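Below is what I looked up, in the order I went through it.

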Amino acid sequence: MKVVILNNGFLGMVRQWQQLFYEKRYSSTCLSCSPDFVKLAEAYGATGLRATKPEEVVPTLEKAFATPGPVMVDVRVSPEENVYPMVPAGASLKKMILI
Ligand SMILES: Cc1ncc(C[n+]2csc(CCOP(=O)(O)OP(=O)(O)O)c2C)c(N)n1
Ligand SMILES: [Mg+2]
């Protein structure tokens, strides 16, 4: 099994709400104390790999799939990339935010 973490360092879905509707008052969404996922994988006897730059993604995934057994890949992505479309709480689909 190969596990790929899109690691934005946040509970991103919740952070997006705080950014857009609560003036960026981020609360309990920054995962600054999250574990080192490479070491966590190794602690379980799996292989841990990390990609921190876009150009590292393809070679790291190639290495992951070439490695026998379970592999966890920690892919660091932008902390403030949002996901759209988004429907604000209580709003109709017509109020959907597209970007
Ligand atoms: C057990 C449980 N608790 C809380 C939630 C509410 N919840 C929905 S998304 C989310 C944050 C997800 O963060 P992450 O896994 O980092 O994904 P991202 O949005 O950053 O891609 C939370 C806490 C949930 N879905 N399930
Ligand atoms: Mg996240």
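**Core.** I started with the largest nonpolar core, and it has 6 residues: L49, A51, A64, V71, V73 and V75. By nonpolar core I mean a set of buried Ala, Val, Leu, Ile, Met, Phe, Trp, Tyr and Cys residues joined through side-chain atoms within 4.5 Å. Buried is under 20% relative accessible area, exposed is over 50%, and partly exposed is in between (1.4 Å probe, protein chains only). The largest share, 3 residues, comes from β3. Strands here are DSSP runs of E with at least two residues, helices are runs of H or I with at least four, and both are numbered from the N terminus.

**Ground rules.** I noted that this is a predicted model, where local features need pLDDT of at least 70 and side-chain atom pairs count only at pLDDT 80 or more, while totals for chains, interfaces and linings use all residues. Residues are numbered from 1 along each chain as written, chains are lettered from A and ligands numbered from 1 in written order, and side-chain values use heavy atoms, with hydrogens and water left out.

**D74.** Staying in strand β3, I checked D74. Is D74 buried or exposed? D74 is buried, at a relative accessible area of 1%. Its side chain makes a polar contact with the side chain of N7 (2.9 Å), and another with the side chain of R50 (2.9 Å). A polar contact is a pair of N or O atoms within 3.5 Å; within protein, one must be able to donate a hydrogen and the other to accept it, and residues adjacent in sequence count only if both atoms are side-chain atoms.

**Ligand 1.** Which residues are around ligand 1? I found N8, F10, L11, G12, M13 and V14, going by a heavy atom within 4 Å. An oxygen atom of the ligand is 2.9 Å from an N or O atom in the side chain of N8. For polar backbone atoms, I got 2.7 Å from a ligand oxygen to G12 and 2.8 Å to M13. The protein covers 34% of the 590 Å² of accessible area that ligand 1 has on its own (Shrake-Rupley method, 1.4 Å probe).

**Helix α1.** G12 came up again here: the buried residues of α1 (residues 12-21) are G12, R15, Q16, Q18 and Q19. After α1 comes E23, with a positive phi near 50 degrees.
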